[in-house]
Amino acid sequence: MRKFAYCKVVLATSLTWVLLDMFLLLYFSECNKCDEKKERGLPAGDVLEPVQKPHEGPGEMGKPVVIPKEDQEKMKEMFKINQFNLMASEMMALNRSLPDVRLERCKTKVYPDNLPTTSVVIVFHNEAWSTLLRTVHSIINRSPRHMLEEIVLVDDASERHFLKRPLESYVKKLKVPVHVIQMEQRSGLIRARLKGAAVSKGQVITFLDAHCECTVGWLEPLLARIKHDRKTVVCPIIDVISDDTFEYMAGSDMTYGGFNWKLNFRWYPAPQREMDRRKGDRTLPVRTPTMAGGLFSIDRDYFQEIGTYDCRGTLEIVTCSHVGHVFRKATPYTFPGGTGQIINKNNRRLAEVWMDEFNNFFYMISLGVTKVDYGDISPRLGLRHKLQCRPFSWYLENIYPDSQIPRHYFSLGEIRNVFSYTANKEIRTDDLCLDVSKLNGPVTMLKCHHLKGNLLWEYDPVRSLKLTLQHVNSNQCPDKATDEDSQVPSIRDCSRARSQQ
Ligand SMILES: [Mn+2]
């Protein structure tokens, strides 16, 4: 009987403890959920899963984020701040999962154990908290720890309201050293990057934008190329993160970086000779004439030897490395002195230092460039001389024979066409008519359709708008091409200005 009583006591006490444990367990798991909600799926400094799990939630596995109908208006307002869908970005976890978009044979490649270490340098200006920290978390989660020396965040004088939360204390809790450097005043992307490079300690410097996401296996193939040849400058394939839905879309391994007549960077299909050189193996790096400039890795000492951003060496796109980037349709940044001025000045310096006699070709079609004050270039010319760089003609012949800048030519200039202003009030050549379907253009040529509409132009020889053509549907007048866009006809509000007559 006594034994039975003992049993009852033991049973009762164990049961009490079990219940208490269960209560505590429930209590704390509830609380975790509260925290998670507050921090958007990320308690500061918490251990993040290094392996990808297709978790549930908006944007997981790189899927597009859907904004509820009732939030559409607010979303449009928020869009304007950064020129991307800030609401979608804030709905997603900072460590969202992404698909493995690599070519199958990239997934099984084996790299040497003793790859160099890298510092990752990220410059930001008025960047949103969620995109900046998502970049940082994707680096930490998808880089082998021993290859990642540190992350250097350089704040190029963001306005204070952009970073509401204290960045330093947040990043201190992460598993990798993250340093935050402040620029005293707005100094531009390149100066800020050089500052980050100057303090970095890794053998390699990897530059990324502040709105990127690194995918699994992104780092090893980059570092392996630099270990193989320290004069190689390597870029990942830049995947597209939609500025609208934040959907993750794999970029092509069949393109390379080039530039057009106006020195604008563009992606072009990689030429056949490059495919042949790689014997059809798409997992081998593509040699590229130039790069977008935002995302690349370079040996730290070599970076200094070649005068930092004025690069030589071999540029490659490493097709087994994928990093996503939020591409925006318009820049949210303001530039001291105006965007056009700064681009013109940079382009002028580039043309003066590196393009030899080919700069005339560029100046002919970019009139604004020749008017700009481009400062002192003698140190850069000295560097070019010291490094014994080859002439630009060599570059066009050997590295970029597909360039639009012709190596040999007879003449440069424009070809004009004769148009008629018809009795139907169209402006016509052959069977094509000048057509404008939106305010401020573009002005295009479409098959004439006799339905009037957007093809209708009114000519006013005497009255208020003297000697001007007026587009009937938009009430605007064709205008002289601007310096920035000298190749494109423009249409503006009618001003009676000489440029519209
Ligand atoms: Mn960017």
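Cys448 is buried, with a relative accessible area of 13%, where buried means under 20% relative accessible area, exposed over 50%, and partly exposed in between (1.4 Å probe, protein chains only). Its partner is Cys433, joined to Cys448 by a disulfide with an S to S distance of 2.0 Å; a disulfide here is a pair of cysteine sulfur atoms within 2.5 Å. The link of Cys433 and Cys448 is right-handed, with 105° about the S-S bond. Cys433 lies in strand 15 (residues 432-436), while Cys448 sits in the loop between strand 16 (443-447) and strand 17 (457-460), 15 residues apart. Helices (H or I, at least four residues) and strands (E, at least two) are DSSP runs numbered from the N terminus. Cys433 is buried too, at 0% relative accessibility.

A word on the model before we go on. It is predicted, so local features need pLDDT of at least 70 and side-chain atom pairs count only at pLDDT 80 or more, whereas totals for chains, interfaces and linings use all residues. Residues are numbered from 1 along each chain as its sequence is written, and side-chain values use heavy atoms, with hydrogens and water left out.

Back to the cysteines: the count comes to three disulfides. Cys477 and Cys494 are joined with an S to S distance of 2.0 Å, and their link is right-handed at 95° about the S-S bond. Cys477 is buried at 0%, whereas Cys494 is partly exposed at 23% relative accessibility.

Now look at Cys106 and Cys320, whose sulfur atoms are 2.0 Å apart in a disulfide. The torsion about their S-S bond is about -75°, so this disulfide is left-handed. The pair links distant parts of the chain, with Cys106 in helix 4 (residues 104-107) and Cys320 in strand 12, 214 residues apart. Numbered in sequence order, the bonded cysteines pair as 1-2, 3-4, 5-6. Cys212 is in no disulfide; the nearest cysteine sulfur, that of Cys214, is 6.7 Å away.

Next comes the metal site. The manganese ion is coordinated by Asp209 (OD), His211 (NE2) and His325 (NE2), at 2.1 to 2.3 Å. Donors are N, O and S atoms within 2.8 Å of the metal (3.2 Å for Na, K and Ca), and water is not among the atoms, so sites may look incomplete. In sequence, the donor residues are spaced D-x1-H-x113-H. Asp209 is in the loop between strand 4 (204-208) and strand 5 (212-214), and His325 is in strand 12 (residues 314-326), 116 residues apart. Asp209 is buried at 18%, and His325 is buried at 10%.
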